[in-house]
Amino acid sequence: MKSLPTAKQGLNGSLIVPGDKSISHRALMFGAMANGTTTILNRLDSADVTSTMNVLRSLGADIDIKSDTVTEVVGHGIRGLKKPNIPLDMGNSGTSTRLLTGLMAGADIEAEVHGDNSLSKRPMDRIIDPLTEIGANIDSQNGHLPLQIHQSKIASKFAQTLKVGSAQVKSSILLAGLAAGSDVSLTDSFHTRNHTEAMLPKFGVKVDIEGDTIHIPADQTLQPTEIEVPGDISSAAFWIVAGLITPNSKLKIKNVGVNETRTGIITVLKEMGANISIDMKDDFGEPIADITVTTSQLHGIEVGGSIIPSLIDELPIIVLAATQATGTTVIKDAAELHVKETDRIETVQEELTKLGADVTPTSDGFIINGGTPLQSDNIHVFGHGDHRIAMMLSIAALITDGSVILDDDDSVKISYPTFFENLEGLV
Ligand code: S3P
C-alpha cells in the first residue's frame with residue numbers, strides 16, 4: 001500500500017530511466033546461444049529479466065553480474081544448451097516464456113514451463129500453433145501454461161506469415177528456426193518491434209530483410225559481442241505524459257531508445273498537441289535520444305490501425321493523457337490489450353473511473369471524453385498486480401489535489417523497480 005504524491009509545484013528536471021526490457025531479454029538469450037563471453041551494458045535489473053536469467057542458467061549458460069551496469073553472459077553455443085533438471089519458472093514474463101519456448105523447441109531441449117497466475121491466464125496457443133506447424137512437440141493446458149516441451153524436430157527450411165501482431169510470437173518462431181539451424185522466412189506485416197532481427201547481426205548472424213519478410217539462412221552460429229542497452233521508452237512514457245499533463249512542468253528524459261517500431265506514443269502525443277522535442281544522440285546499434293516535454297494542452301484524436309503495435313504497452317498512459325485532453329479520444333484496434341498482464345481495457349477503465357475520468361471500454365479499445373479533473377479524497381486505486389497499471393495510476397495521482405492510495409505497489413519490480421524513487425525525486 002502506498003500513499004501517492006501530488007505535484008503541486010510542477011515537475012522539473014531530468015532523469016534517466018532503466019534499460020529497455022525487450023532488448024535486455026534478447027541480449028541475454030543471444031549471449032547464451034553464442035560461444036564465448038558477451039558483455040551487456042545497462043541491462044535492466046527487474047523481475048522479468050531475472051526470470052530470463054534464471055532460465056538461461058538452468059539451460060547451462062553462466063551469467064555473471066559484474067556491477068550495476070555490467071553483466072557478462074558466457075554461452076557455450078546453441079549445441080551447448082542442455083536439458084534443465086528442474087521445471088522452468090517464467091514468473092510474470094510473457095517475453096521470457098514465448099521466446100525461450102521457441103529457442104528450446106528449436107534446440108530440441110525438453111522442458112516444463114510454468115509461470116505465475118497472470119502469466120498462466122495468457123494465451124500460449126499463439127506460439128504453440130506456429131511452432132507445431134514447423135515440427136515442435138509442445139503440450140499445454142488448453143493453450144495455457146504449464147507447457148511440456150517434448151523432443152522436437154524443426155523443419156530444415158520453412159516460411160511462415162505472422163498471424164498475430166506480436167513481436168513475442170515473431171521472435172519465438174525466429175529463435176526456433178535459428179536454434180534448429182533452419183532456413184527461415186517469416187513475414188510480419190504488422191511491423192512489430194524489431195529488436196530480435198536488429199540485434200542478431202551484432203552476434204554475427206546473417207539476417208536479410210526484404211519488405212515485410214525476415215530471412216535467416218540455415219546453419220548460423222552466434223559470436224559473442226557487446227550490447228549497450230538504451231533506456232526503455234515504455235518506462236520513459238510515464239514521465240513523458242506526467243510532464244505534459246502536470247501544470248508548470250518541463251522534464252528531460254535522457255538516453256531513451258527511440259527505435260521507430262516503439263515510438264508510436266511520440267507520434268500520437270504530438271498529434272494531440274504535445275510539446276515534445278527529440279534530441280538524437282550517438283547511436284550504438286539502436287537509435288537513442290534525449291526527450292524533453294513541457295506542459296501542453298492536448299486535444300482528443302482517433303488512434304488505431306497500423307500504429308497500435310508500436311505503442312501497445314503505452315496505451316494505459318495514453319488513456320490517462322486523453323482524460324486531460326479537450327474533446328474525445330477514440331482508441332481502436334487494440335484488442336491485444338485483453339491478453340496483457342491484466343485485461344488492460346478492463347483495468348484501465350475501472351481504475352481511472354474511480355478518479356472521476358470518463359472512460360468507456362469497447363471491444364478493442366476505449367472512448368475517452370477528456371477534460372475531466374481527476375479527483376482524490378482518500379480514493380483507493382488498485383494496480384491489479386500489473387506494473388503498467390500501477391505506474392499509470394501513480395502518474396494520475398500527481399494531478400489530483402489530495403490523497404490517492406495505491407493498494408499494490410510491488411508490481412513495479414517487473415519492469416521498473418526504481419519507479420517510486422524516481423517519482424519521489426521529482427515531486
Ligand atoms: C514484447 C512484445 C510485446 C510487449 C511486451 C514485450 C517483446 O508483446 O507487449 O511487453 O519484448 O517482444 P507482444 O509481442 O505480445 O505484443
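1. R26 lies in helix α1, which spans residues 21–33; helices here are DSSP runs of H or I with at least four residues, strands are runs of E with at least two, and both are numbered from the N terminus. In this predicted model, R26 has a relative accessible area of 1% and therefore counts as buried, a class that means under 20% relative accessible area, with exposed being over 50% and partly exposed in between (1.4 Å probe, protein chains only).

2. Leaving aside neighbours within four places in sequence, R26 is in contact (heavy atoms within 4.5 Å) with T95, L99, A167, S171, H195, T196 and M199. One of these residues, S171, is 145 residues away from R26 along the chain, and the two C-alpha atoms are separated by 9.4 Å. The side chain of R26 also reaches the backbone oxygen of S22, at 3.1 Å.

3. As to the basis of these values, residues are numbered from 1 along each chain as its sequence is written, and side-chain values use heavy atoms, with hydrogens and water left out. Since the model is predicted, local features need pLDDT of at least 70 and side-chain atom pairs count only at pLDDT 80 or more, whereas totals for chains, interfaces and linings use all residues.

4. Helix α5, residues 125–133, has R126, I127, I128, P130 and L131 as its buried residues. After α5 comes G135, which has a positive phi, near 115°.

5. The chain is divided into domain 1 (2–19 + 230–426) and domain 2 (21–228), with bounds that come from an automatic or database domain assignment. Taken over C-alpha atoms, the centres of domain 1 and domain 2 are 29 Å apart, and 23 residues of domain 1 are in contact with 25 residues of domain 2.

6. The size of an interface is often given as the accessible area lost when the parts come together. Between domain 1 and domain 2 the buried area (accessible area, 1.4 Å probe, that two parts lose on being put together, summed over both) is about 2,100 Å², and carbon and sulfur atoms give 48% of it.

7. How many residue pairs are in polar contact between domain 1 and domain 2? The count is 13, with both residues at pLDDT 80 or more; a polar contact is a pair of N or O atoms within 3.5 Å, where within protein one must be able to donate a hydrogen and the other to accept it, and residues adjacent in sequence count only if both atoms are side-chain atoms. The side of domain 1 that touches domain 2 has eight nonpolar, six polar and nine charged residues, where Ala, Val, Leu, Ile, Met, Phe, Trp, Tyr, Cys and Pro count as nonpolar, Asp, Glu, Lys and Arg as charged, and the others, Gly among them, as polar.

8. The structure holds 20 salt bridges (a side-chain nitrogen of Lys or Arg within 4 Å of a carboxyl oxygen of Asp or Glu), and three are counted between domain 1 and domain 2. The side chains of R193 and D313 form a salt bridge at 3.3 Å, N to O.

9. D64 and K66 meet in a salt bridge at 3.2 Å, N to O; D64 is partly exposed at 36% relative accessible area, and K66 is partly exposed at 47%.
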